[in-house]
Structure formats: C-alpha cells, structure tokens
Amino acid sequence: MSFGALLEQALAGTLRLAAAGDSRAEEGLLRSAAYEGMVRLAARPLQRAVPTPWIPSEPETKPEIGLAAAERLREILDERRPELLREWLTLAVDAGRRVPYVEIPELLETARSADPALRELIMNVGGQRMIWLARLNPEWKFAAWPSADDQFELGTLSERVVALRRLRRASPAAARAKLESVWPNERVDARVALLGALYIGLESADEPLLRQVLLDSGRDIRDTAARLLQRLTASVDEYELLRQIDADASVAARLPSPTEPWSESFSRAIVARLPTLLARLRYAAPAFLRDAALCLDPRVAADGERLLHLGVASDWAAGALERTVETLEYRRAMRDELRQ
Amino acid sequence: MPRRWLELGRTNDAVWGRIKGTANEPYQVAIDLQTSSATCTCPSRRRPCKHAVGLTMLNAAAPPAEAPPPEWLAASLQQRQKPAERRAIVDPERAAARARRREQRITEGVDDLQRWLEDLLRAGLAEAASRPWRSFEQMSARLVDAQAPGLARYVRELGSLPYGVRDWPERMVIELGQVWLLLTAWRRLQELEPGLRADVRSLVGLNEARDDVLDRPPEHDAWDVLGRRVIEGERMLVQRTWLWGRNSQRWALLLDFDPGGQPVEHGLAPGQSFEADLCFYAGAAPLRALVRGAPRQVDAVATLPGCSVASAMRAYAESLGRNPWQERTPLALASVVPMRRDGAWSVTDEQHHMVELSGPAGWQLLAVSGGQPIDVFGEFNGFSLHPLSVAYNGRLVPLRDVAET
C-alpha cells in the first residue's frame, strides 16, 4: 500500500470502506502505518532549495562586549533586573561597545515598543548587524537607517527624535546646529519632542538657543526650554544644597529623590562627605543610603562602595542595607564587566 | 504551572511528598510501593486522589532522591489498615511476583489501547480531528491505571498534535503506526534483543532504577554541553541537556524533571565542556545517561560535530533502524545558511539541501550568521530541526532558552 493510499484510508476510516467484510482491516491499516510511517521518516527524499544569497552586512566598527557583560545583559533581559536595562545600555554606549549578535532580535523587539530614549540606546549598541537585520523585518524598520543623518531627514517624528539623540551623543554642537537649521519649519509637536533630545550632552553652548526658544509661542516648548536651562544651572542649586547639608546633616536624609540620577559633581560631593554624614545621620542613615545607592551617578558609584562599607560596618544600618549593598554591587559589576 | 511539591522523598518501600493544596496545611501524600496503595490527607472523596496519581506518575518518570522518611510517614501508611506485614528486606520472590503482576496489568492496558486504536481507525482520522480532547485523556488515564505511564504520555501527545499543522494527517498516521509497533513489541518482548527490550520497557513506562544505571561501568570523557531545552509540562518542568563526547564521539542526553517548576542545575551549562563519568541507561543505541560523581569543567566548547544535511539524514535513518520510536535526535549541521520564505525558517547547506526549522530561534540564527554559513545544533524530530545553539567565531553560542508549554 502506498503512503498516499494509506493516508486516504486512515482519514476516511475503515467503516466507510466497501470492503467491510474484512474484520481485521484496522489491524492491517495499523501494520501498514507502522511500516510505511517508518519508511516515511527514515527515507524522506532530501528537500532542495536554492537560497538567495544575503547582502552582506557592513563591517563592525565597535568591539563586542566581553563574556561576563554578555551574561549580565542576558540576565537583565530575562527580566530579573529590567529596571537596570537603561543604565546598562548607557554604560555600554559610553564604553563604545556593541552587544553579541544573538541578543539583537530580542533588543529590537524591546525597542519596538520603547520610548525614543530607550530606542536610541538600543540602536547605539546594536552595531552594523542590527541595522542589517532590521532591514529584513518590516516590524523593525525603525532601526534600519544606515545613518542618523538619513534618519533625521526622512524618518517619522519619533524616529527623528531618536536620530537627534544619536547625533547629539556623537557631537552636541553638530546636533544643535542641525536642530537650529530645521527649527523654523517644524510644527509645534515636533519642536517639543526634538528639543527634549538636548538633555543628552547638555552644555552651556546650548544656552543661546534655549533662551531664544523661551520666546516661542508654544507653552510646552517654553516649559521644556525652561527645564533645560534650569538643568544647565543646576550646579548652583546643588551648591546651595551642599551648603545646607554642611550646616545641618539631617538635610541629607530629606534629599528629594530625583527622577534622573544626581549629577556627577553632586554625586562626588556627597560621597566625599559620607563619613561625616553617616556619623551625624545615625538612625536616618539607612534611608539616605538607599536613596543614594539609586541616585548616585554611575561614574561615581565605584567611590560609593565606601558608602556601602561604612554603612555595613555600623550595626544599626546593616539590617536595612541588604538591598543597597546588592544594588551597588550589581551596578559595580555592570561597570567593571564593560571595561573588560 | 506545575504544582509545587514542598518535599519529595523515597525509600525502598515508599514514596512520599508534601504538596500545597487549597487548605492551609500542605497535604501529605504517601505511596506504599509494596502494595501500590496510596494515602493522602486531602479532603477529596475520590481515591486515589489527584495528588497520589501525580506522585505515582512522578515516581515512574523520575523517582525522587532517597531520603530518610519523615515522622508522619509511618502513621500515614498504617492508616491503610493493611496487615502490617511489610518487611525490611525485599523478598526477591515477592518482588518478582509483583513485577509479573505489573506487567500483566500493562498487558491489559495494551489490549485496551489496541482496541482504542482500531476504533479510531474504524471511524477515520477525519472524525478523530473533531474528537474532544477528553477521548484521548480518558485513554491516557486508563493507561496510567494500568501502570504504563509511558504509553499514557504517548496517547496524550497524540491528542495534542495540533490539527492546524500542514501535515497533520501524515504525522498522525506515523504516530499511530509507532504506537501500534510499540504494542506489538511489548507483546513479543522476550523475542527482542536485550537493548531493544530495554528501550521498549522504558517507552512503556518501566524505567530502570537510577541506582542500577549508576552501577554500570561509566564512560569517562570530556563532554561538550551543546544545548539545553526546557519544556513546561503539565506536572513539571522537563529539561533536556545534550552532550557530545569528544573522544568517544557519542551523544548523551541528561533528562531532568522538576516538579517545583525550577530548571534543574547540575552545573552543566551549554557552551562549556566537562570531564565527567556518564552511566548510560540500557538501550539499542544508549543515549540517556546519568552523571556519576562531580563533573569538572575543562574549557569552553569551540566547535560542533557538524556534517552535511545528507549525512545527518543518513545518520538519522540509521538511528531509527536501531530504535524506531525515538521522538527526537540530536543533530549538528555544518556550514548552513538560514533562509526565510513566506515566514517559515529553514537552513540550507552547501549542496542546497534544506532542513526546516521550528521554534523561536530563526531571527537569532540569522543575526549570528549575518547571511554567512554557520554550524547549528538542535533537536530533529523527523520533520524539522529545533535549533539550540550555534558555533560562531570559535565559540558555541546557546540560543535563547525560553520555557515552552
């Protein structure tokens, strides 16, 4: 019996077959299925397909991260520490490294539903292979731009925001010039969105542009510009805050938890004051240490280890510090691995 | 999500466990292996209850580790009001009689299964496609009663073969033929050569005892851990770890079950190589193994033992010749390029021979390959390859391992 005939009989059932006289028809069918099925599995003709050659991807310009960092990324992506993905990506971007190829699809999937800030980080660690791969899947076309310039000229608004962030990371001045050149022709919503990209690499040379934008007719635009200007001069506020802390340590325990990490200089100033602060804060210290572990600028977090040791050394804080210790150690490991 | 066993243990005479149910206190479940009778503290009026059935199946699939019996066990077993004639030492005659009884029960189950298969074919597969899942479930339950959990699993899988797939009738016919072949082999067990006999016994559900396997002379080698697949079953996680012996040039499979829902850590991570003693379960082409002693990591896996699609298919056919029931076989392909057509993934080798891919790893493979030839390792089921790792740049990269249901 051919496999085709066998299949036909098996589908129709032996009951419906005219040859109902055969009382062992089912067993015969099963026997054939055992034999023909095995032939089918063991002797399937090889399938042939002539593949269309892929267009090769451009050579990589950034070195791949090391094994330990790759394992860390995998752990973060497996959602054991999703809150640290942005920070890890920022560190990787700062280190000028790219992720292993095997992680690219999952990062693209993450980027697909992410905000422009996260998208920009992901595109910055993907290397040439990410651009190559994104071109092959329509759902990832947001990441398929060969250059940030093209993306800025031709992309949708959210893609242009990503592009401006990328440009800004490469050169704040060039990105500013680009923004200035298109500013008069942009619609209100585009202006607000694009202006936000200036948070990356914010510098005093941005001030004239921001002051000019303060006169814009759109209220959201003015607000964004004002926040950026405030941030430019934040060091003045931070100086004032430090003065207060020096006068009265308890101010440190009531530091507002900022939405963004503390600036590098403020983080340094806090770390430098740690021994005194911890001695004076006593019972308020654990809360302060917990906040500090989350808010310290990553570049200063290495010094922040001193904070950890000081905290653990004091009995009264040890119990409350487990999470702080863990967070700091985790972040230190992330940093160290990306240097390898 | 598999149910959580809070505690599991086994002695020569009994298996026990504690499991969280709806009550505050976990239920205490115990099975007397001498009499196959079960007790459980759950309020269900149905006996044996689902906890006892679960524990029986668990014990058949992967006996828990030996442990000192907890205090509640003795009392629990005495509740059975059986004459307390349990002995400290197993009487070989009684053990043999018990084994015969079990085989007799299995044979009864096998007869039922044969009738059920014939019914299925009398009505036709077209009708079977519209059969409720329950019909498979009932047959499967009957086989659990007959103490043939292996056959029970076979039937469940028949029922869960998705009708949607393109070649459903073909696969169904092949599967039915294989079940029938297994029934026939069981009836003629004594005529088979010892290796195949061991395969049939374990497929039906009579597993070799762990200790017996560990007593065999081991194979010492540097074992490359080439891939791992974790499947979330109905009652537990099943984890398959594939090894390749560098000197022995043979495959080995470590099978781990975890009723607690956590992947098992035996320290053998994909991408690493270990010196270890492996003891193999008996079979016509022994594959499943246990690690004896502590493995020692030597280095990282650099290459795959890959070959062309044609050679791989020949090797697959030969292994089917030794054991026609294998559901999957380890397969390493050299220099293949990923391909995507109409949303379906495949790989082709230099001779343009193609193997279809299954599983979620298509894009990952393409990302690693960049359109260039790569070596791929995975599980082959006769139809498609489920990729688990890829060799790239002198290093084995495990593909992302997502627990499947």
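What follows is a conversation about how features of this predicted model get their names.

Reader: What should I know before we start?

Author: This is a predicted model, in which local features need pLDDT of at least 70, side-chain atom pairs count only at pLDDT 80 or more, and totals for chains, interfaces and linings use all residues. Residues are numbered from 1 along each chain as its sequence is written, chains are lettered from A and ligands numbered from 1 in the order in which they are written, and side-chain values use heavy atoms, with hydrogens and water left out.

Reader: What makes up the secondary structure of chain A?

Author: Chain A has 21 helices and one strand. Helices (H or I, at least four residues) and strands (E, at least two) are DSSP runs, numbered from the N terminus.

Reader: Why is Leu215(A) called exposed?

Author: Exposed means over 50% relative accessible area, buried means under 20%, and partly exposed lies in between (1.4 Å probe, protein chains only). Leu215(A) has a relative accessible area of 74%, so the residue is exposed. You will find Leu215(A) in the loop between helix H12 (207-213) and helix H13 (219-232) of chain A.

Reader: And why is Ser140(B) called buried?

Author: The relative accessible area of Ser140(B) is 2%, so this residue counts as buried. Ser140(B) sits in helix H5 (residues 133-145) of chain B.

Reader: What is Ser140(B) in contact with, leaving aside its neighbours within four places in sequence?

Author: Contact means heavy atoms within 4.5 Å. With those neighbours left aside, Ser140(B) is in contact with Ala152(B), Val155(B) and Arg156(B).

Reader: How do you know whether Ser346(B) is buried or exposed?

Author: Its relative accessibility is 5%, so Ser346(B) counts as buried. Ser346(B) belongs to strand E11 (residues 344-348) of chain B. Apart from neighbours within four places in sequence, its contacts include Val337(B), Met339(B), Met354(B) and Leu357(B).

Reader: Which residues of helix H8 in chain B are buried?

Author: In helix H8 (residues 194-204) of chain B, they are Gly195(B), Leu196(B), Ala198(B), Asp199(B), Val200(B), Leu203(B) and Val204(B). The buried residues of H8(B) pack against helix H3 (92-123), helix H6 (149-160), helix H7 (168-187) and helix H10 (309-322) of chain B. After H8(B) comes Gly205(B), which has a positive phi, near 130°.

Reader: What makes the pair Arg112(A) and Glu109(A) a salt bridge?

Author: A salt bridge is a side-chain nitrogen of Lys or Arg within 4 Å of a carboxyl oxygen of Asp or Glu. For Arg112(A) and Glu109(A) the N to O value is 3.2 Å, and their side chains meet in a salt bridge. The two are three residues apart in helix H5 (residues 104-112) of chain A, so they are separated by about one helical turn. Arg112(A) has a relative accessible area of 36% and is therefore partly exposed, and Glu109(A), at 34%, is partly exposed as well.

Reader: How do you know that Arg169(A) forms a salt bridge with Glu120(A)?

Author: The closest N and O atoms of Arg169(A) and Glu120(A) are 2.7 Å apart, and the pair forms a salt bridge. Arg169(A) lies in helix H9 (residues 157-170) and Glu120(A) in helix H6 (residues 116-125) of chain A, so the pair ties together parts that are 49 residues apart in sequence. With a relative accessible area of 27%, Arg169(A) is partly exposed, whereas Glu120(A), at 0%, is buried.

Reader: How many salt bridges does the structure hold over all chains?

Author: The structure holds 47 salt bridges over all chains. In chain B, one network of salt bridges links Arg153(B), Glu157(B), Arg229(B), Arg240(B), Glu327(B), Arg328(B) and Glu379(B).

Reader: How much of chain A is buried?

Author: Of the 340 residues in chain A, buried ones make up 46%. Among the contacts in chain A with a separation of 6 or more, 68% are between residues 24 or more positions apart.
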